[in-house]
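Here are some notes to read with the model open beside you. Take the points one at a time, and find each place in the structure before moving on.

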Amino acid sequence: MPARSLDAIPNQFDDAPSFWGFIGEIEREQLDFKVRADGLKDTVPAMAMTDGGLIVLGIRNEPRELVGCPLSQDVLDRVTTVGADVGVDVVLKAVAVGDVGLTIVVVPEVRGRLVTTPDGRVLRRVGSSSRPVVGDALARFVLARVEHIVEDDAVPLQNTDDIDLALVNRALEAEGKPRVRRDTLVRALMDLGVARPELPPTGPVITKAAILLFGKDPRRLVPGAAVQVVRRAGVGPGPGPTTVREEFAGPMPDVVEGVLAFLTRHGSFVEVVSGARRERIPVFPTEVLREAVLNAVAHRDYGIAGTTVDITIWNDRIEIRSPGSLPGPITVENIREQHYSRNRRIMNVLKVLGYVEEYGEGMPRIFDAMEARLMRPPVIVADAVSVTLTMYAGSFLSAEDQAWLALLGHLSLTPSERRLLVRVRREGWITPRRLRAEMPDENVDALLTGGVAKGLLRQEGERGGSRYVLSEEVLLRAGASGLEARGRQRQMLLDEIRRRGSISTVEGSDLLGEQVQIVRHLLNDLVRSQLIVAAGNTRGRRYYLPELAPRI
């Protein structure tokens, strides 16, 4: 919570649940709990070098409980001394939760200079801890912190008619603030942190962040503040003929929505039949595209004038090129674990508007969503002038599999569990032996045992004769469409045997258009049900109706 929102913190909470509901119970980059005003010499500079945040004094961590630390002269002196030692202007506020007094320390984010601990270390917040920045990451971090902050630059805005008032009011309402008219628009931009007061005769300063977020056409003041999207025929990389091209400019939220709509219209889809309905499933998950576009426009370097974000769509991939190098301590190797933004003001407003949930979650969400679809991980290439994200189509899962798994979205499934469920759905059941052959790199016993424990699978039989089928809960949640499909295939095989007198696995494979091993399982199901019998050795085996089977 930035310092400008200090007044939004109530002075009094009725009870602990209302306090936890407001402040949150989980420590993170912007929230830390302490019992007393001790141990702040690391936390304050680390927060200042990350996003700023709150330190609540009077809370024990294990177990989490309110023990109290009222704002006294001693607490004030201790905290402000730490702030003075590290050069951070902290602000303190006294709050009460029932009869328990607490002290909240507001730590502002510091940009344009380094904040170190009293002994000279550079720290930053990672989750709930304060960690040193070392090695190559330290050099990048220092350069990023002391570099010119482009989003803070003043813009010569002559007329506030160039600002989208409706979007500003949308952001204010999201923060619980009253709507404004155009004559008080600048004050509202100051409340949102994208304008700042200045002494007369200059007056308030509107920043580039405000223009990028709310400007009707930011290109007039920030050249290159746009996204170019191109749809090319064929597969990439390579030029390929352009089938459609469009440039998107305007308030950043509108740009994001416009680009996503373009990707929806011109992206790749597959069609599946689900029950009586035919559905179009996008090749790339919607959340992946949303996060990728947001990352590109929110984290790009707007100091590189005249250069747009460029998105190219091929049949087999999407490539997103964003101007500027990776910021701060971020590298291609740590991009899933670390987070850092060169455009903090922009990110704050996007979070207010609901486009960003938590800082640093965008790139991990892209990787996780593609991993959930068992797609190839995205490839990131970074140099001194740009960052390119390439996402590839294609998955172990068919479109029908993906549509079926989407019905299990309430479950937290690992990629291995997804593959397991799809295999069971396809074949109706699976044995440990068969699963080891199909997933040789997995701990099959642990995977199956875990599937049963989580209520995903049900075990039939014991020891060497055991097999696993989908649990009743999975069938209830996602239906039995896969099992029904296998049932129809078994019936087709049975009907063909009645018509022809017998069938082989190869003939069954041609009939169903399925792999031979799947057809063999289907035929063996019919044998176990005593609807047909098998005769002959493995290579020459054929399947007959019982009354027509050859006598041996």
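Predicted model: local features only at pLDDT ≥ 70, side-chain atom pairs only at ≥ 80, totals over all residues.

1. Helix α9 covers residues 286–299 and helix α11 covers residues 362–372; they pack at an angle of about 155°, and their axes are 9 Å apart. The crossing of α9 past α11 is left-handed.

2. Which residues make the contact between α9 and α11? On the α9 side they are Glu287, Val288, Glu291, Ala292 and Asn295, while α11 brings Gly362, Met363, Arg365, Ile366, Ala369 and Met370.

3. Now look for a sheet. Strands of a sheet pair through backbone hydrogen bonds, either parallel or antiparallel. Here 3 strands form an open sheet, in the order β22-β24-β23, with antiparallel pairing. Why is one side of β22 and of β23 left without a neighbour in the sheet? Both β22 (502–503) and β23 (533–535) stand at the edges and have a single partner strand each, so one side of each has no neighbour there. Between β22 and strand β24 (residues 542–544) there are 2 bridges, in the antiparallel sense. If you want a pair to find by eye, Ile503 stands opposite Tyr543 in β24.

4. Strand β2 (residues 31–34) pairs in another sense: with strand β3 (residues 53–57) the pairing is parallel, over 4 bridges. One of the residues to look at is Phe33, whose bridge partner in β3 is Val56. Are the residues on the two faces of β2 buried or exposed? Both faces are covered: Leu31 and Phe33 on one side are buried, and so are Asp32 and Lys34 on the other.

5. Two peptide bonds deserve a look. Glu62 and Pro63 are joined by a cis peptide bond, with omega about -5°; Pro63 is in the loop between β4 (59–60) and β5 (65–66). Gly236 and Pro237 are also joined by a cis peptide bond, with omega about -5°. You will find Pro237 in the loop between β12 (227–232) and β13 (242–248).

6. Thr312 sits in strand β16 (residues 309–313). Its relative accessible area is 13%; buried means under 20%, so Thr312 is buried. Apart from neighbours within four places in sequence, Thr312 is in contact with Val230, Arg232, Arg317, Ile318 and Glu319. Ala437, by contrast, lies in helix α14 (residues 432–438). Exposed means over 50%, and Ala437 has a relative accessible area of 62%, so Ala437 is exposed. From Ala437 to Val244 the separation is 193 residues in sequence and 46 Å in space, C-alpha to C-alpha.

7. Finally, step back to the whole chain. How many helices and strands are there in the chain? There are 19 helices and 24 strands. The C-alpha trace spans about 105 × 60 × 45 Å along its principal axes. Of the 552 residues in the chain, 49% are buried. Among contacts with a separation of 6 or more, 59% come from residues 24 or more positions apart.

Note on methods:
Residues numbered from 1 in each chain as written. Heavy atoms only, no water. Pairing = 2+ DSSP bridges. Axes fitted to C-alpha atoms, helices over the stretch in contact; angles between N-to-C directions. Left-handed = near helix turned anticlockwise from the far one by under 90°. Contact = heavy atoms within 4.5 Å. Buried < 20%, exposed > 50% of the residue type's maximum accessible area, 1.4 Å probe, protein only.
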